[in-house]
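Subject: Structure handover

Hello,

Here is the structure for you to take over. My notes on what turned up follow directly below it.

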Amino acid sequence: MARAKAIPSSVAAEYRARHPGVDLRVSNAPSSLMAAAVLAGTLDVAVVSMAAREVPEGLDHRVLGSTPLVALVPREHALAGREAIDLAALADSHPLIQFSRGSGLRRQVEAAFARAGVEAGQDFEVGQIHDMIRLAVRGVGVTVVPRSSVVGPGSLLGLGTAAELPHGARMLRLVDDQAVHHMCVVYDGTRLAPAGAAFLDVLDRHVTGRSA
């Protein structure tokens, strides 16, 4: 059995096709809890929103990539005509839609607001990035999410460019170069079972684009 968390559906589908006899269990939780579960041995691997330097001691990791954080605002927002913004200008302008407490993304967004000298606050808290985006584009509030979740291959809305955002919503670049969403996969190489190692191989192929 391979036990994993926060795994892209395309990776899970390929793994299942290649290893139909393996019982794959996938679920979701905040990154800090996932990393702790791998340390405790209750998970084989976890895809977490952490930079390499943030991975807990005792775990191995592979960097999956990073993407800038961006702001999504409704079309009537005062900043909607800008290309890039400082998060200090976003604070208190509209209700802020935040990801779950304890998640890597929540930590990254709050750190970006802190660098801008303001508190992130919270008006809405949801457990899926997809819901954060949908609420923002419908004008419920503003949000800060990874750019790759909005546009490009594998984006949650399937958009090719930001111009395709529904309801006239706008995606704005952040002037903070440190506002980046990091992803890596963590595991304990000293006890990783063959099923878990095979899963890492499938995940690596998806990240690097190499063929089998």
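Contact here means heavy atoms within 4.5 Å. Please keep in mind that this is a predicted model.

**Cores**

The largest nonpolar core has 36 residues. Leu90 and Val150 touch the most other members of it. Several elements give two or more residues to this core: β4 (60–73), α3 (87–90), β6 (96–99), α4, α5 (129–137), β8 (142–146) and β9 (170–174).

Which residues does Val150 touch, not counting those up to four places away in sequence? The partners are Val70, Leu72, Ile133, Val145, Ser155, Leu157, Leu159, Leu165 and Met171.

Another core lies apart from the largest one. It has 15 residues, among them Val11, Tyr15, Tyr187 and Leu200.

Ala136 sits in helix α5. Its relative accessible area is 0%, so Ala136 is buried, the cut-off being under 20%. Leaving aside neighbours within four places in sequence, Ala136 is in contact with Leu72, Pro74, Ile97, Gly141 and Thr143. Take Leu72 from that list. Ala136 and Leu72 are 64 residues apart along the chain, yet their C-alpha atoms are separated by 6.2 Å.

His94 is in the loop between α3 and β6. Is His94 buried or partly exposed? It counts as partly exposed, because its relative accessibility is 22% and buried means under 20%. Beyond its neighbours within four places in sequence, His94 is in contact with Pro74, Glu76, His77, Asp123, Gly141 and Val142.

**Second largest pocket**

The second largest pocket holds about 180 Å³ of space. Its lining is made up of Ala51, Arg53, Glu54, Leu69, Arg107, Gln108, Ala111, Arg115, Gln178, Ala179, Val180 and His182. By type, that is five nonpolar, three polar and four charged residues.

Which elements each supply at least two residues of this lining? They are α4 (104–115) and β10 (180–187). The largest share, four residues, comes from α4.

Gln108 is one of the lining residues, and it is found in helix α4. With 9% relative accessibility, Gln108 counts as buried, because the cut-off is under 20%. Leaving aside neighbours within four places in sequence, Gln108 is in contact with Ser49, Met50, Leu69, Val180, His181 and His182. Of these contacts, Leu69, Val180 and His182 also line the pocket.

**Salt bridges**

The structure holds eleven salt bridges. Here are some of them.

Arg205 and Glu14 meet through their side chains at 2.7 Å, N to O. This pair links distant parts of the chain. Arg205 is in helix α6 (residues 194–208), Glu14 is in helix α1 (residues 9–18), and 191 residues separate them.

Arg205 also forms a salt bridge with Asp201, at 2.5 Å, N to O. Both lie in helix α6. They are four residues apart, about one turn of the helix. How do the accessibilities of these partners look? Arg205 is at 8% relative accessibility, so it counts as buried. Asp201 has a relative accessible area of 32%, so it is partly exposed.

These bridges belong to a network. Glu14, Arg18, Asp201 and Arg205 are linked in it through salt bridges.

Arg191 and Asp188 make a further salt bridge, at 3.5 Å, N to O. Arg191 is partly exposed, with a relative accessible area of 31%. Asp188 is buried, at 13%.

**In brief**

The 36-residue core has Leu90 and Val150 touching the most other members. The second largest pocket takes four lining residues from α4. The salt-bridge network links Glu14, Arg18, Asp201 and Arg205.

Over to you.

Best wishes

Conventions:
Residues numbered from 1 in each chain as written. Predicted model: local features only at pLDDT ≥ 70, side-chain atom pairs only at ≥ 80, totals over all residues. Heavy atoms only, no water. 1 Å grid on protein atoms, 1.4 Å probe; cavity = no way out; pocket = protein on both sides within 12 Å on 5 of 7 lines; lining within 4 Å. Points joined across faces, edges and corners; volume = space filled by probe spheres on them. Nonpolar A, V, L, I, M, F, W, Y, C, P; charged D, E, K, R; others polar. Salt bridge = Lys/Arg side-chain N within 4 Å of Asp/Glu carboxyl O. Buried < 20%, exposed > 50% of the residue type's maximum accessible area, 1.4 Å probe, protein only. Core = buried A, V, L, I, M, F, W, Y, C linked by side-chain atoms within 4.5 Å.
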